[in-house]
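Work through the exercises below with the sequence and the model open. Try each task before reading its solution.

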Amino acid sequence: QVQLVESGGGLVQAGGSLRLSCTASGNIPSYNLMGWYRQAPGKQRELVARSSTASATEYADSVKGRFTISRDNAKNTVYLQMNSLKPEDTAIYYCNLFLRTEADYWGQGTQVTVSS
């Protein structure tokens, strides 16, 4: 059974920074995609950033230059460093693990609130 545990959300003022962490446990293949999605009230869940085990990365246009995704494969952990946060970044952030088998796993979500 794969589980994802997130941490690092919170309340921050605009222009501030937060770092999210997500650790996966269970039977996890050596190749996978780990990343972050977010969902704001009344909006669809959207990709924020994701990274393969080979560190190929993908970012939403809205976060490029402000957010950085990184991972520690030995620990099955992915990080999201969020700088220059804006009120529009306010959302629940979900960690995601996607496998070659197309199995898809989600964390419980962590709230990020950016005040203006």
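The model is predicted, so local features need pLDDT of at least 70, side-chain atom pairs count only at pLDDT 80 or more, and totals for chains, interfaces and linings use all residues. Residues are numbered from 1 along each chain as its sequence is written, and side-chain values use heavy atoms, with hydrogens and water left out.

**Exercise 1.** Find the disulfide and state which parts of the chain it ties together.

Solution. 
- Step 1: Apply the rule that a disulfide is a pair of cysteine sulfur atoms within 2.5 Å. The count is 1 disulfide.
- Step 2: Name the pair. The sulfur atoms of C22 and C95 are 2.0 Å apart, and the angle about the S-S bond is -85°, which makes the link left-handed.
- Step 3: Strands (E, at least two residues) are DSSP runs, as are helices (H or I, at least four), and they are numbered from the N terminus.
- Step 4: Check accessibility. Buried means under 20% relative accessible area, exposed means over 50%, and partly exposed lies in between (1.4 Å probe, protein chains only). C22 is buried because its relative accessible area is 0%, and C95 is also buried at 0%.

**Exercise 2.** Classify the aromatic pair of Y37 and W106 as stacked, tilted or edge-to-face.

Solution. 
- Step 1: Recall the rule. Rings of Phe, Tyr and Trp (its six-membered ring) pair if their centres lie within 6.5 Å; planes under 30 degrees apart are stacked, over 60 edge-to-face, and the rest tilted. The count is 1 aromatic pair.
- Step 2: Compare the values. The ring centres of Y37 and W106 are 5.1 Å apart with planes at 70°, so the pair is edge-to-face.
- Step 3: Y37 belongs to strand β4 (residues 32–39) and W106 to strand β10 (residues 104–106), so parts 69 residues apart in sequence are tied together.
- Step 4: Check accessibility. Y37 is buried at 16%, whereas W106 is partly exposed at 35%.

**Exercise 3.** Which residues of the largest nonpolar core touch the most other members?

Solution. 
- Step 1: Define the core as a set of buried Ala, Val, Leu, Ile, Met, Phe, Trp, Tyr and Cys residues joined through side-chain atoms within 4.5 Å.
- Step 2: Read off the members. The largest core has 28 residues, and W36, L80, M82 and Y93 touch the most other members.
- Step 3: Find the suppliers. Strands that each give at least two residues include β5 (46–52), β7 (67–72) and β8 (77–82). Strand β9 gives the most, with 5 residues.
- Step 4: Look at M82. Contact means heavy atoms within 4.5 Å. Not counting residues up to four places away in sequence, M82 touches residues including L18, L20, F67, Y93 and V112.

**Exercise 4.** Is T110 buried or exposed, and what lies around T110?

Solution. 
- Step 1: T110 is found in strand β11 (residues 110–115).
- Step 2: T110 is buried, since its relative accessible area is 12%.
- Step 3: Leaving aside neighbours within four places in sequence, T110 is in contact with E6, G9, L20, A91, I92 and Y93.
- Step 4: One of these, G9, has its backbone nitrogen 3.3 Å from a polar atom of the T110 side chain.

Terms used. Polar contact = N/O pair within 3.5 Å; in protein donor to acceptor, adjacent residues only side chain to side chain.
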